[in-house]
Amino acid sequence: MRTIEQWVGGQPFYGDPAGRIPVENPATGDVIAELLEASPADLDDAVRVAAEAQKEWARTPLAKRTAMMFTMRELVLAHEDELARAIVTEHGKDYSDAVGEIQRGRETLDFACGIGSTLRGDYSFDVSAGIDVHSIRQPLGVVAGICPFNFPVMVPMWMHPLAIMTGNSFILKPAAQTPSASLIIARLYREAGLPDGVFNVVSGERDIVAHILTHPGIDAISFVGSTPVAHIVRDTATAHGKRVQALGGANNHAIVLPDADLEFAATHISAAAFGAAGERCMALPIVVTVGGIGNELVDRIAHHAKKIRVGDGMDEGVDMGPVISATARQRIIALVDEAERDGARVVLDGRGLVVEGREGGHFLGPTIVTGVSTDSTLYHQEVFGPVLTVLEVDTYEDAIDLVNASPFGNGAAIFTNDGGMARRFTLEVEAGMVGVNVPIPTPVAYYSFGGWKESLLGDRHIHGPEGVSFYTRAKVITTRWPDAGAHGATMSFRRDE
Ligand code: NAD
């Protein structure tokens with residue numbers, strides 16, 4: 001059985017593990033490796049090494065840091081296949097989607113290579129007689145990233161390139177289901193010339209997270225995961241004096257207006273609802289149709305969804321892999337069962353799907369449910385599986401009220417050909433990322449990514465300019481040179497004298 005170790009001080013780290021966690025291939029149900037679970041003593045070692053390395057790294061010239069990140073970018077490109085295989089084997093998504101995830105993650109590396117323009121400060125000349133003021137942003141110290149299972153490369157990459165390029169050391173806690181890609185990244189950073197100890201990987205589940213959140217040597221936490229855990233992370237870490245950004249779950253809605261191109265909408269909705277088996281925080285699990293187009297749209301979506309080939313993500317031609325675990329599969333089936341018992345109609349039913357030759361895998365087929373009550377758990381809970389719920393309302397006003405009543409506010413989209421209605425929607429919708437005829441409006445890396453309401457706790461979005469701001473603190477410096485026209489000392493606080 002392969003052991004997946006941790007990574008501390010530029011090398012694999014075995015430490016004094018608290019236990020071993022089985023890692024499964026969800027396409028077969030087989031246990032393929034055991035992950036070492038970090039003990040509190042292992043975390044202490046990682047924090048000590050990271051803090052020591054950070055002192056010198058923070059003073060390493062930006063040009064040198066940038067050169068390292070350019071090399072890292074090339075290495076990630078060169079190892080795309082190795083990373084994609086690690087993702088598919090532990091997460092289950094299809095190979096092409098895994099490559100897409102790496103490419104989207106690499107956009108943050110691209111942004112980090114040009115970080116100089118975002119990191120630079122301001123300068124004001126002669127604010128008072130002979131006095132200049134300038135501002136700089138300095139690193140926080142040691143920061144930790146706690147990540148979900150569904151994007152083993154991209155989500156950590158929203159964090160570490162910026163944390164590192166701004167002069168911090170980084171401790172990554174990957175999800176226990178999908179840890180291997182993080183160790184490949186660690187190895188590539190060493191190859192790229194990042195000093196040992198600046199990037200570390202500490203593994204485990206809730207126990208080690210509890211220690212990370214309270215560790216006095218960790219200055220900030222970036223978290224991405226479900227909303228209940230985001231609350232634990234935000235509450236505990238802020239109570240322990242840390243800066244926190246905690247991105248939570250989602251339940252994204254798209255409104256389809258009667259004037260929309262229904263075929264265009266149907267193909268995009270099918271891809272957004274069922275891509276990665278719905279295990280994306282920007283997936284589209286809810287569609288709200290306006291003004292009597294429901295049946296036609298559902299027929300068209302079902303037509304496309306039926307063509308989706310479900311199977312092992314490593315197999316040629318597969319569009320959609322399994323969900324992450326047997327437990328997730330049972331939970332998703334139970335939600336659809338319950339809605340059906342309460343009167344909903346399962347228009348396309350993927351609950352019984354079996355993939356030949358992969359009978360142990362955790363597969364579900366695309367599932368479409370209509371007539372769902374907004375009181376049902378299927379509607380309220382984040383399903384995180386290949387299930388699309390379609391609701392019908394009469395007017396745009398009904399639709400926007402429904403969307404804005406959701407406690408989540410990650411992404412939201414509208415399908416329409418009416419520019420005025422689209423504009424109105426973008427202004428009225430309560431969500432952090434909004435699409436017009438784009439059902440998964442994930443921002444490019446030079447914008448920041450983040451939701452509203454229960455989808456993000458904390459005041460900084462992740463990556464892009466807000467990421468740079470999160471990983472740094474401001475310093476404003478006021479300077480006077482005695483012979484540069486400066487006045488003598490005064491007891492007054494006035495500037496205009
Ligand atoms: P999760 O919340 O179960 O786990 C996230 C991380 O927290 C993992 O590293 C896990 O080990 C740790 N963890 C789990 N339970 C914990 C606890 N009780 N105390 C402390 N730590 C704990 O999430 P997941 O199932 O791995 O990922 C899916 C979730 O992540 C979905 O809700 C999805 O919407 C969300 N997500 C959000 C975004 C976003 O950008 N908002 C992106 C990707 C995923």
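Glu 428 and Arg 424 join their side chains in a salt bridge, at 3.0 Å from N to O; the term stands for a side-chain nitrogen of Lys or Arg within 4 Å of a carboxyl oxygen of Asp or Glu. This is a predicted model, in which local features need pLDDT of at least 70 and side-chain atom pairs count only at pLDDT 80 or more, while totals for chains, interfaces and linings use all residues. Residues are numbered from 1 along each chain as its sequence is written, and side-chain values use heavy atoms, with hydrogens and water left out.

**Salt bridges within helices**

- Glu 428 and Arg 424 lie four residues apart in helix α15 (residues 419–428), so about one helical turn separates them. Helices here are DSSP runs of H or I with at least four residues, strands are runs of E with at least two, and numbering starts from the N terminus.
- Glu 428 is partly exposed at 32% relative accessible area, and Arg 424 is partly exposed at 30%. Buried means under 20% relative accessible area, exposed means over 50%, and partly exposed is in between, with a 1.4 Å probe and protein chains only.
- Arg 85 and Asp 81 also form a salt bridge, at 3.0 Å from N to O. They are four residues apart in helix α3 (residues 80–91), which means about one helical turn between them.
- Arg 85 is partly exposed at 42% relative accessibility, and Asp 81 is partly exposed at 35%.

**Salt bridges elsewhere**

- The side chains of Arg 358 and Asp 312 meet in a salt bridge at 2.8 Å, N to O. This pair links distant parts of the chain, 46 residues apart: Arg 358 sits in the loop between β15 (345–348) and β16 (367–370), and Asp 312 in the loop between α11 (294–305) and α12 (326–341).
- Arg 358 is partly exposed at 25% relative accessible area, whereas Asp 312 is buried at 9%.
- A network of salt bridges links Asp 337, Glu 340, Asp 349 and Arg 351.
- The count of salt bridges comes to 24.

**The sheet**

- Three strands make an open sheet in the order β6-β7-β23, with antiparallel pairing; two strands pair if DSSP finds at least two bridges between them.
- β6 (123–128) and β23 (472–480) are at the edges with a single partner strand each, so one side of each has no neighbour in the sheet.
- Strand β7 (residues 131–139) pairs with β23 in the antiparallel sense over nine bridges, and Pro 139 stands opposite Thr 472 in β23.
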